[in-house]
Amino acid sequence: MQNKIGPFRIGDKPAFTQITADQAAPYVIFVVKDPLHGCEKDTAEEVAEYFDERRLVSDTGMCKVYTGAYSGVPVTVVSSGSGSPELEIVLMDFMMNTDAHTFIRVGGSGAMQEWLSVGDLVIATGAVRDEGTSLAYVPPQFPAVADWQLVACMKKAAEKRGFRHHLGLTRSVDSEYPGVARPARGGFILERHKQQFEEWHRAGVLNVEREASILLTLTTLFGLRGGVVNSIGDNFVTGEPFKAGAGFANAIVTALDAIVLLDRELKAGT
C-alpha cells in the first residue's frame with residue numbers, strides 16, 4: 001500500500017471519503033448519487049443490498065461507502081456526485097490510501113446508436129476523453145482503455161444472466177445539454193453541437209455519459225484495473241424516451257458477478 005498521501009485530509013483520513021486501508025476491499029464499485037437511476041435510497045446502499053453482508057464504513061455527505069462480500073468476495077461500493085471532477089478526487093482517495101486494485105463504474109448513459117434499446121447494457125472497451133479532468137493528467141492522445149480481463153469477465157457475466165449487452169466505446173462529456181446535442185434553455189443549441197454528436201455517432205461510439213473516461217484514464221495511467229458497465233436510459237438517435245432506472249439493476253449484477261469471476265481467475269493465476 002502507498003503511504004498516506006494527499007493534501008486533503010481530516011485528521012488522519014482522506015477528506016472526501018474518510019476511507020482507511022482496512023475498510024476498503026480490493027474491488028471497488030463507483031456509483032453516482034443520481035435520481036435518474038430510479039433508486040429509492042442512496043445508490044451505494046442500493047448496490048450494497050446485493051451483498052451477502054455489508055457495513056457502512058463512512059458517510060461524509062459527499063460520499064457514502066459500504067464494504068462487504070458478494071459470493072464470498074470482498075467488495076466496496078462508493079456513491080458520490082456526478083462527473084469526472086467528482087470521480088477524480090474519490091478515485092485518488094482510494095488509489096492513494098488503500099490496496100484496492102480493481103475499479104468499476106456502474107451507471108446509466110444515453111445511446112448514440114439506433115440499434116441500442118433502453119435497458120441494454122454497454123460494457124466499455126475504452127472511452128472517448130471528451131471531458132476536461134483527464135487532460136490535467138495526460139494529453140488527449142493518451143488512451144482510456146478498460147482492462148481486458150475485466151471486460152471479458154463482465155461479458156461472461158452478462159451472457160450467463162441473459163442480459164442484452166454490447167461491447168464498444170463510451171464517450172464521456174462534461175455537458176448534459178449542448179455537449180450531447182440536447183437543447184438547453186430556450187432551445188439553445190448550436191450547429192457545431194449537432195455536428196460533433198454526428199461525428200461520434202458515425203465513428204461508432206455506443207453511448208455517452210460523464211465518468212468512464214476519467215476512471216479508465218487513471219487506472220491505465222497508474223497500472224490498475226478499470227472497467228465500466230452502463231445501462232441505456234434513452235436513445236438520442238431514435239428518440240426512445242428516457243426511463244428512470246432502466247437496466248441499472250442488471251448493470252449492478254453484471255459488475256458483481258464479474259468481480260467474482262475475476263477473483264477466481266486471479267487466484268488461479270489465469
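This is a predicted model: local features need pLDDT of at least 70, side-chain atom pairs count only at pLDDT 80 or more; totals for chains, interfaces and linings use all residues.
Reader: Why is helix H5 called mostly covered?

Author: A residue is buried when its relative accessible area is under 20%. In H5, which spans residues 212–221, eight of the 10 residues are buried, so the helix is described as mostly covered. The buried residues are Ala212, Ser213, Ile214, Leu215, Leu216, Thr217, Leu218 and Thr219.

Reader: What packs with H5, and at what angle?

Author: Helix H2, residues 84–97, packs with H5 at an angle of about 35 degrees, and the two axes are 9 Å apart. Their crossing is right-handed. On the H2 side the contact is made by Ser84, Leu87, Glu88, Leu91, Met92 and Met95, and on the H5 side by Ile214, Leu215, Leu218 and Thr219. Of the residues in this contact, seven are nonpolar, two polar and one charged.

Reader: Why is helix H3 called oblique to helix H6?

Author: The axes of H3 (residues 148–161) and H6 (residues 248–268) cross at roughly 125 degrees and come within 8 Å. The perpendicular range runs from 65 to 115 degrees, and the roughly antiparallel class begins over 145. The angle of roughly 125 degrees falls between these classes, and therefore H3 is oblique to H6.

Reader: Which hand does the crossing of H3 and H6 have, and which residues make the contact?

Author: The crossing of H3 and H6 is right-handed. H3 contributes Gln149, Leu150, Cys153, Met154, Lys156, Ala157, Ala158 and Arg161, while H6 contributes Val253, Thr254, Asp257, Ala258, Leu261, Leu262, Glu265 and Leu266. The residues of this contact divide into 10 nonpolar, two polar and four charged.

Reader: Why does aspartate 263 count as buried?

Author: Aspartate 263 is placed in helix H6. Its relative accessibility is 10%, and the limit for a buried residue is under 20%, so aspartate 263 counts as buried. With its neighbours within four places in sequence left aside, aspartate 263 is in contact with Tyr27 and Val73.

Reader: How do you know that isoleucine 123 is buried or exposed?

Author: Isoleucine 123 lies in strand S8, residues 121–130. Its relative accessibility is 0%, and because buried means under 20%, isoleucine 123 counts as buried.

Reader: What does isoleucine 123 touch?

Author: Not counting residues up to four places away in sequence, isoleucine 123 touches Val151, Met154, Lys155, Ala158, His165, His166, Leu167, Gly168, Val228 and Val229. Met154 and Ala158 are also among the H3 residues that make the contact with H6. The C-alpha atoms of isoleucine 123 and threonine 254 are separated by 9.5 Å, although these residues are 131 residues apart along the chain.

Reader: How do you know that the radius of gyration of the chain agrees with that of a compact globule?

Author: For 270 residues, a compact globule would have a radius of gyration near 18 Å; the chain has 18 Å, and therefore the two agree. Taken along the principal axes, the C-alpha atoms fill a box of roughly 50 × 40 × 35 Å.

Reader: How many helices and strands does the chain have, and what share of its residues is buried?

Author: The chain has six helices and 12 strands. Buried residues make up 54% of its 270 residues. Among contacts with a separation of 6 or more, 76% are between residues 24 or more positions apart.

Note on methods
Residues are numbered from 1 along each chain as its sequence is written. Side-chain values use heavy atoms; hydrogens and water are left out. Buried means under 20% relative accessible area, exposed over 50%, partly exposed in between (1.4 Å probe, protein chains only). Helices (H or I, at least four residues) and strands (E, at least two) are DSSP runs, numbered from the N terminus. Axes are lines fitted to C-alpha atoms, for helices over the stretch in contact, and angles run from 0 to 180 degrees between N-to-C directions. Angles under 35 degrees count as roughly parallel, over 145 as roughly antiparallel, 65 to 115 as roughly perpendicular and the rest as oblique. A crossing is left-handed if the near helix is turned anticlockwise from the far one by less than a right angle, and right-handed if clockwise. Contact means heavy atoms within 4.5 Å. Ala, Val, Leu, Ile, Met, Phe, Trp, Tyr, Cys and Pro count as nonpolar, Asp, Glu, Lys and Arg as charged, and the others, Gly among them, as polar. The radius of gyration is taken over C-alpha atoms; the globule rule is 2.2 Å times the number of residues to the power 0.38.
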